[in-house]
Amino acid sequence: MDIRVLRYFIAAATEKNISSAAQSLHLSQPALSKQLKELEAELGTKLFSRGNRGIALTDQGNYLLKKAKEIVELVDKTESNFNEAENDISGEIFIGCGETEGMRFVAQSLKKLQETYPAIRIHLHSGNADDISEKLENGLLDFGIFIDPTDKIRYDYIKLPYKDRWGVLMRKDSPLVGKETIKPQDLFDKPLLVSRQSTVNNELSGWLGKSIEDVSIVATYNLIYNAGLMVEEGFGYALCLDKLVKTEGDNELCFRPLDPSLEVNLNIVWKKHQIFSRSGNKFLEQLRKDIAQNS
């Protein structure tokens with residue numbers, strides 16, 4: 001597949017109209033239609049359903065769109081890093097992370113890096129461990145920040161000098177608000193919002209002393225912000241990490257840590273045998289230096 005044609009396909013899929021896509025690409029409509037038909041012929045499948053009001057992607061078209069975006073992003077990322085000036089380190093660093101206050105330590109290292117090499121650009125992607133793992137495997141991220149427990153057998157990694165603390169996010173008028181800490185039995189009859197990440201739920205099951213599926217789960221989440229809104233509306237109690245949702249001042253929410261305490265390590269990971277750009281290597285150098293100074 002020609003990368004240029006994949007860009008044409010992405011434009012057509014995004015615009016949902018051949019004429020509009022051709023105009024944005026500065027092509028004639030017949031030329032774009034010809035390229036897309038040749039792509040369908042090359043792949044041996046129908047990518048679009050064509051109608052009077054525009055085009056829609058078939059199931060195969062949706063699959064290709066996801067992969068095409070990944071391919072184009074990887075090509076652009078690679079070209080950018082090859083365009084680094086010989087004596088001026090620039091390039092791009094792509095980092096994926098879950099929601100954690102520990103990202104602040106990494107942000108401090110990135111700030112120092114950019115002060116030394118202002119031409120370096122940082123790209124952050126937020127997601128859960130499964131999402132970040134997929135992008136690491138596909139080469140779309142250089143580094144991932146994982147909250148334990150996470151299977152790190154496929155990665156090289158550095159343990160960051162930070163521990164996250166699990167607890168319960170609740171309304172300030174909750175029956176549990178008078179407790180300084182939350183014990184497992186406090187939650188057995190409460191409606192819970194929990195992470196949909198299986199490794200996290202295994203950890204929480206160990207803390208509860210029973211399967212997470214044996215308590216009253218009313219919702220799952222992958223990132224806490226929207227779950228926090230549901231807690232604020234009285235939907236239930238969210239099991240989550242500390243310092244991710246504002247609870248100070250006149251906010252209606254509060255956080256209580258678990259008892260016994262459940263703390264987890266934070267790691268920055270990358271694929272084994274990965275060859276970094278010069279900007280990626282400089283980031284690792286800065287990070288290791290900051291960790292050594294912190295220890």
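**Reading confidence, burial and packing in a predicted model**

Q: Since this is a predicted model, which elements have the lowest and the highest mean pLDDT?

A: Among the elements of the protein, the lowest mean pLDDT, 81, belongs to helix α8 (residues 198-208), and the highest, 97, to strand β10 (residues 253-257). For the protein as a whole the mean pLDDT is 90, with 96% of its residues at 70 or more.

Q: How should I read burial along a helix, and which residues of α6 are buried?

A: One looks at where the buried positions fall when the helix is seen down its axis. In α6, which spans residues 129-137, the buried residues are Ala129, Ile132, Ser133, Lys135 and Leu136. Because these buried residues fall within an arc of 165° when seen down the axis of α6, they line one face of the helix. Their cover includes the strands β3 (92-97), β4 (121-126), β5 (143-147), β6 (155-171) and β11 (263-271). Beyond the helix, α6 is followed by glycine 139, which has a positive phi, near 80°.

Q: What does the largest nonpolar core look like, and which of its residues touch the most other members?

A: In soluble globular proteins, nonpolar side chains tend to be buried together. Here the largest nonpolar core holds 55 residues, of which Phe143, Ile145, Leu160, Trp166, Ile268 and Phe283 touch the most other members. The element that gives the most to this core is β6, with 6 residues. Setting aside neighbours within four places in sequence, isoleucine 268 has contacts that include Phe143, Ile145, Leu160, Phe283 and Leu287. A second, separate core of 21 residues includes Ala13, Ile18, Leu32 and Leu36.

Q: Is asparagine 267 buried or exposed, and with which side chain does its own side chain make a polar contact?

A: Asparagine 267, found in strand β11, has a relative accessible area of 2% and is therefore buried. Its side chain makes a polar contact with the side chain of aspartate 148, at 3.1 Å. Leaving aside neighbours within four places in sequence, asparagine 267 is also in contact with residues including Gly144, Phe146, Lys152, Tyr157 and Lys159.

Terms used
Residues are numbered from 1 along each chain as its sequence is written. Side-chain values use heavy atoms; hydrogens and water are left out. pLDDT is the predictor's confidence in each residue, from 0 to 100. Helices (H or I, at least four residues) and strands (E, at least two) are DSSP runs, numbered from the N terminus. Buried means under 20% relative accessible area, exposed over 50%, partly exposed in between (1.4 Å probe, protein chains only). The arc is that of the directions from the helix axis to the C-beta atoms. Contact means heavy atoms within 4.5 Å. A polar contact is a pair of N or O atoms within 3.5 Å; within protein, one must be able to donate a hydrogen and the other to accept it, and residues adjacent in sequence count only if both atoms are side-chain atoms. A nonpolar core is a set of buried Ala, Val, Leu, Ile, Met, Phe, Trp, Tyr and Cys residues joined through side-chain atoms within 4.5 Å.
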